[in-house]
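Hello,

Here is the model we talked about. Please look through it, then read the notes below.

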Amino acid sequence: MQTFEELISAFEDAKRDPTFWAEYLRLVSSYSGRPTPLTFANSLTKHFGGAQIYVKREDLNHTGSHKANNVLGQGLLVQRMGKRRVIAETGAGQHGVATATMAAKFGFECTIYMGEVDVQRQRSNVFWMQRLGATVVPVRDGSRTLKDAINEAFRDWVTNMDTTHYVLGTACGPHPFPEMVRYFQAIVGQEARVQILDQAGQLPRRVYACVGGGSNALGIFNAFLDDPTELVGAEAGGAGLETGRHAARLASSDASVGIAQGYKTYFLQNQDGQMRETHSVAAGLDYVGVSPILAQLKESGRVRFEAATDREVVDALALTARKEGLIPALESAHAFAQAFKEVGGLPATDAVIINQSGRGDKDIFTVADAFNDAEWKEFIRSKARGYDA
Amino acid sequence: MLEEQIRRKLRQKPLLLMTHIVIGYPSFRESWALARGMVEAGVDLMELQIPFSEPMADGPVILAANQKALEAGATVSKCFDFARELAAQVPIPLLFMSYYNIPFKYGVRQFAVDAKRAGVCGAIVPDLPPEEAPEYLAAMRAQDLDPVLLFAPNTPEERMRTIAAQGSGLLYCVARKGVTGQKTDFSQDLSGYLGRARRASSLPLALGFGLKERSDVEFVRGKADVAVVGSESLRVLNESGLRATLDFIRSLTGAAPASGL
C-alpha cells in the first residue's frame with residue numbers, strides 16, 4: 001500500500017507540474033520521433049471503395065510501437081522518485097524492449113518477466129532486451145503467457161518495492177496504473193485528432209484500435225471521447241469465438257466480472273473464478289483481462305468491441321503490406337482486419353483512422369509460419385545446419 | 001469465536017502453531033492425510049487454501065501446489081466438502097485461505113453461509129484491502145466468521161489501527177516484504193514492527209512468511225501468539241513424503257513421535 005501511495009503522489013505531483021509535461025514532450029520528440037505521422041492509405045481506400053482510410057503511425061516510435069510513450073513517461077517518474085531499478089512484464093516483447101531501452105538510457109537496472117510461451121514466439125525481442133542490458137526471466141507458471149508474467153512482476157515488486165518501480169505496460173492492474181498509462185498514451189489521440197482535422201478536414205467517422213490490455217486503444221480513443229466519432233476496439237478472435245480459443249473479453253459473452261491482479265474487470269474465467277487459457281496469434285493480445293477503463297466504456301456503450309480471427313488478421317497484414325507498404329504488428333493487424341470488414345459500407349466522404357500501434361517485423365517467425373513460406377523454412381534449416389557444423 | 005479459542009489455548013502454552021495445506025494437493029486423498037496427520041502432530045490451527053489460478057502472494061512452492069491441485073480437478077465446491085468433513089473430525093480451528101476472486105465469484109454472502117456450514121472459523125484473503133470489501137466483511141460477520149486481515153512490516157501504525165478495527169480472530173503479521181516461502185532473516189529486529197502491531201490492536205498476533213525450522217518458531221515465542229509455517233511443510237512433502245513432513249511438524253510442536261513410526 002505504501003508503495004502505491006508513493007507512486008500515486010509522484011504521479012499527481014508530476015501532473016500538476018507544467019515542467020513535467022514539457023520535459024516529457026521534449027523526450028518523446030528528441031528520442032522517440034514524435035509526433036508520429038498520420039498516413040493516408042490511398043490504395044487501401046480504393047481497394048475497399050468506401051471511407052477514406054488513415055493510419056496513425058505508432059509503429060514509427062523508437063522501439064517500434066506505442067509502448068515507448070508510456071515507458072518514457074514512467075521513466076521520468078522513476079527519476080523523480082529516486083529509484084534505481086525497473087521491472088516489467090511483456091507479452092509480445094514490445095513493452096519489454098521499450099522498458100529495457102528506457103532503462104539503458106536512464107541508467108536503471110532492469111528485469112523483464114516474459115511467459116515461456118512468449119519467449120519462444122518472440123525470441124528476437126528477447127535477444128534485443130538482453131543486448132540492451134536487461135535480465136529476461138522466462139515465467140514457467142500457469143499458461144506461461146502475459147498474465148503469468150504480470151503475476152511474477154508483482155511478486156518481484158512486493159519483495160523489492162523500496163528500490164524498484166514496476167513499469168506496468170498496459171492500462172490494467174491496481175490504481176494508479178490504468179489512469180497513468182492512459183495519461184501517457186493520450187498523446188496518440190491528441191496528435192491524431194489535430195492531424196485528421198488538418199488532412200481530412202473533418203473528424204473521423206470511426207477510430208479502430210486493437211485491444212489487449214488496452215493501452216494503445218485508450219491512447220487514441222481518449223481524444224475522441226466527446227466527439228461524434230464511433231470508437232471500435234478489435235480483440236483477439238483467435239481460432240474463432242465459437243471455438244472458445246480466443247482472447248475476446250468484451251466482444252464475446254465468455255468473460256465475466258472478476259477481481260484479480262489488483263483490479264476489477266471482465267476476465268475470461270470459469271465458474272469458480274479460475275482464469276482460462278486464452279489464444280491468439282498475437283502474443284500482445286493473449287491476455288485474460290482488459291483495462292477497467294475500457295470495460296466501463298463498453299458498459300456505457302461509448303466503445304464498440306469486435307473480434308478478428310487469427311486468419312482474418314494474417315490476411316489483413318498481407319493486404320496492408322502489398323497495398324500500402326506498411327507492415328503492422330500482428331496485434332495492430334486486428335484493428336486493420338476489423339476496419340476492412342466495415343469500411344466498404346461507409347460513404348467515400350467519411351474518414352476513418354486505424355491505429356497502427358506497432359510494426360510487424362518482430363513477427364517474422366509467426367508470420368512466415370502463417371504463410372507457410374517454403375523459402376523461409378529452408379533458410380532457417382540452412383542457418384541451423386550452419387550452427388551445427 | 002476464533003479469538004477466544006486462541007486465548008484459551010494460550011493459557012496452556014505460550015505459542016501456538018498454525019500450518020497450511022492446499023486443498024487437493026497433491027490429491028484430495030493425500031491432502032486429507034496431511035491435514036489429519038498435522039492435527040495428530042499437535043498443530044493448533046490450520047489454513048486450508050482453496051486453490052486459485054493467480055496466487056500472487058505465494059512463492060514457487062505454494063504457487064505450484066495451487067496449479068497442480070487445479071489440474072488434478074480441485075473445484076471450490078469440492079474444497080467446501082473437504083473442509084466440512086475435516087471440521088467434523090478434528091478439534092482445532094480451521095481457516096479458509098484464498099484470493100478474493102474466489103469468494104467474489106461464489107458470491108460473498110453465499111461464501112460466508114457455506115463456510116459457516118462447513119465449520120471453518122474464518123478466512124484469510126491476502127489480496128484484499130479491507131476498505132475495498134465492506135460486503136465481504138459484513139457477510140463474514142453476519143455468519144459469526146472471522147475475517148483475518150494482514151499487516152506488512154511497512155504498514156504505519158495509524159493504518160494498522162484502521163485495519164485491526166475491521167478484522168477479527170487474529171491479525172496475520174507478514175514477517176517481511178515479498179511472497180511466501182522465501183527465507184526470512186529472523187536475526188533482524190522485528191520487535192519494532194510487532195510492537196506497533198501490539199499497540200494497534202488487542203487481537204492475537206500471528207507471524208508468518210519464511211518460518212522454516214524450530215529455531216524460527218522459537219524466535220517467535222514471546223513476540224507473537226501464533227507462528228505460521230506454510231511453504232516449508234509442502235517443500236518437505238514434495239521432497240521427502242508424508243511421514244517426513246509429519247516428523248517435521250512434530251519437531252515444531254514438540255509432540256512425541258507417533259507410535260509405530
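**Helix H7 of chain A**

On the face of H7(A) turned away from its buried side sit the exposed residues Arg123(A) and Arg131(A). A residue is buried if 20 or more other C-beta atoms lie within 10 Å of its own, exposed if 12 or fewer, and partly exposed in between, with C-beta atoms placed from the backbone. Helices (H or I, at least four residues) and strands (E, at least two) are DSSP runs, numbered from the N terminus.

This is a predicted model: local features need pLDDT of at least 70, side-chain atom pairs count only at pLDDT 80 or more, and totals for chains, interfaces and linings use all residues. Residues are numbered from 1 along each chain as its sequence is written, while chains are lettered from A and ligands numbered from 1 in the order in which they are written.

Back to H7(A). Its buried residues are Asn125(A), Val126(A) and Met129(A). These cover an arc of only 105° around the axis, so they lie on the same side of H7(A). The arc is that of the directions from the helix axis to the C-beta atoms. An α-helix has 3.6 residues a turn, so residues three or four places apart point the same way. The cover over the buried residues of H7(A) includes H5, strand E4 (109–115), H6 and strand E5 (135–139) of chain A. Gly133(A) follows H7(A), and its phi is positive, near 100°.

**Domains of chain A**

Chain A divides into domain 1 (2–30 + 66–177) and domain 2 (33–64 + 186–369). The bounds come from an automatic or database domain assignment. The domain centres, taken over C-alpha atoms, are 22 Å apart. In domain 1, 31 residues are in contact with 35 residues of domain 2. Contact means C-beta atoms, placed from the backbone, within 7 Å. Helices giving two or more residues to the domain 1 side include H2 (18–32), H4 (67–81) and H7 (123–131) of chain A. That side divides into 10 nonpolar, 17 polar and 4 charged residues. Here Ala, Val, Leu, Ile, Met, Phe, Trp, Tyr, Cys and Pro count as nonpolar, Asp, Glu, Lys and Arg as charged, and the others, Gly among them, as polar.

Chain B has 11 helices and 8 strands. Its radius of gyration is 17 Å, close to the 18 Å that the globule rule gives for 261 residues, so chain B is as compact as a globular protein of that length. The radius is taken over C-alpha atoms, and the rule is 2.2 Å times the number of residues to the power 0.38. Buried residues make up 51% of chain B.

The contact between the chains takes 19 residues from chain B and 19 residues from chain A. H5(B) gives the most to the chain B side, with 4 residues. That side holds 10 nonpolar, 6 polar and 3 charged residues.

Ser77(B) lies in helix H4 (residues 76–89) of chain B. Ser77(B) is exposed, with 12 other C-beta atoms within 10 Å.

**The nonpolar core**

The largest nonpolar core has 212 residues, and Leu95(B) and Cys173(B) have the most contacts inside it. Such a core is a set of buried Ala, Val, Leu, Ile, Met, Phe, Trp, Tyr and Cys residues joined through C-beta atoms within 7 Å. Its largest share, 9 residues, comes from helix H9 (residues 177–199) of chain A. Leu95(B) touches residues including Leu45(B), Val120(B) and Val148(B).

Best wishes

Note on methods
Two residues are in contact if their C-beta atoms, placed from the backbone, lie within 7 Å.
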